[in-house]
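Dear colleague,

I am handing over a structure for your study.

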Amino acid sequence: MTILGAQNAGKRAKNGQASVAQIPGVTLAESLRQQLEGAIAAGHLEPGSRLDEQEIAQRFGVSRTPVREAFRLMAANNLVELRGRQGATVRAIKAEALIEMFQVMAELEGLCARLAARRVSQAWGIEISEIHQRLVAAGETGDIDVFYDVNQEFHEAIYEASRNAFLADQTRKLRNQVAAYRRRVTRMPNRIADTVREHEAIMQAILAHDPERAHNTMRDHVNLLGDNLLDFLAAFK
C-alpha cells in the first residue's frame, strides 16, 4: 500500500494534488509529518507499507527534501523504518513487543481517565456524551471505519480532559505507534458492542468524579486480557 491509500491526510486541490495544511511557525517537513502520522494513526497506512518519496512529493506538490525530513522525524517517533535505498516503510511490530506496548498504553490512558475524573468540567460532560452517542450510532451501522474514527475522538477527549499536556502528548505518541493494531482489535468479533459498553462505563466513572474507577475501567478497556488477548494473537498470525 502506498500513500495513495492515505489521500484523506490532505485536502484535495483542483489539480488532484493534496495540499499541505501548514501552521504558522511550523516547517513544511513538520506539516508533512503531522499529516502522514495522521494517516498511520487512522489506519490508512498499514504496517509494512512502503512510503514512496517521489509519490508523496508529487501528491503534496513539494520537493523531496521536506519529504525526506518528514521521514526522519517519523523515524524518531518510531513510526517508520528507514532502510537506505529501499526507502521508508511503516514500522511493523512483533506480537510480543505489541502486547507490552498495549500494557503501557493501558496505564497511560488509565492515568488520563483518572486525572479527567478529578478535573473534568460540566461542558466536557456534554461534549463526551455527544461523542458517545455518535459512537453508538456508528456501531449500529457496522461501519468499522467510522466507528474507529469516533472511537479515537472519544479517547482524544479524555486526553484533553486530563489537563496534563505532557501526559496527553506521550499517550498520543504511543497510540500512533500501535494505531493500526488497535484497528485490528476493533475488527474482532463482538468488539464493537464491547467497546460501546466499556466506553459507557468509562464516561460514567469520569462524570461521577471517581478517579479509581475511571482508571480501572479505562485500563481494562485498552489492555488485551484473557480471551481478547488469545483472539488477537490468533488473528495476528
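Predicted model: local features only at pLDDT ≥ 70, side-chain atom pairs only at ≥ 80, totals over all residues.

The largest pocket has a volume of about 430 Å³. Its lining is made up of 17 residues, and those closest to the centre are Ala41, Glu156, Arg172, Arg175 and Asn176. Three helices, α1 (28-41), α6 (144-161) and α7 (165-186), each give two or more residues to this lining. By type, the lining of the largest pocket holds 9 charged, 5 polar and 3 nonpolar residues.

The largest cavity contains about 70 Å³ of space. It is lined by 13 residues, of which Ile40, Val90, Arg91, Asn176 and Gln177 are the closest to its centre. Helix α7 gives the most to the lining of this cavity, with 4 residues. Here the lining divides into 8 nonpolar, 3 polar and 2 charged residues.

Why is Thr171 classed as buried? Its relative accessible area is 0%, and a residue counts as buried because that value is under 20%. A polar atom of the Thr171 side chain lies 2.7 Å from the backbone oxygen of Leu167. Leaving aside residues up to four places away in sequence, Thr171 touches Met105, Leu108, Glu109, Cys112 and Tyr159.

With kind regards

Methods. Residues numbered from 1 in each chain as written. Heavy atoms only, no water. 1 Å grid on protein atoms, 1.4 Å probe; cavity = no way out; pocket = protein on both sides within 12 Å on 5 of 7 lines; lining within 4 Å. Points joined across faces, edges and corners; volume = space filled by probe spheres on them. Nonpolar A, V, L, I, M, F, W, Y, C, P; charged D, E, K, R; others polar. Buried < 20%, exposed > 50% of the residue type's maximum accessible area, 1.4 Å probe, protein only. Polar contact = N/O pair within 3.5 Å; in protein donor to acceptor, adjacent residues only side chain to side chain. Contact = heavy atoms within 4.5 Å.
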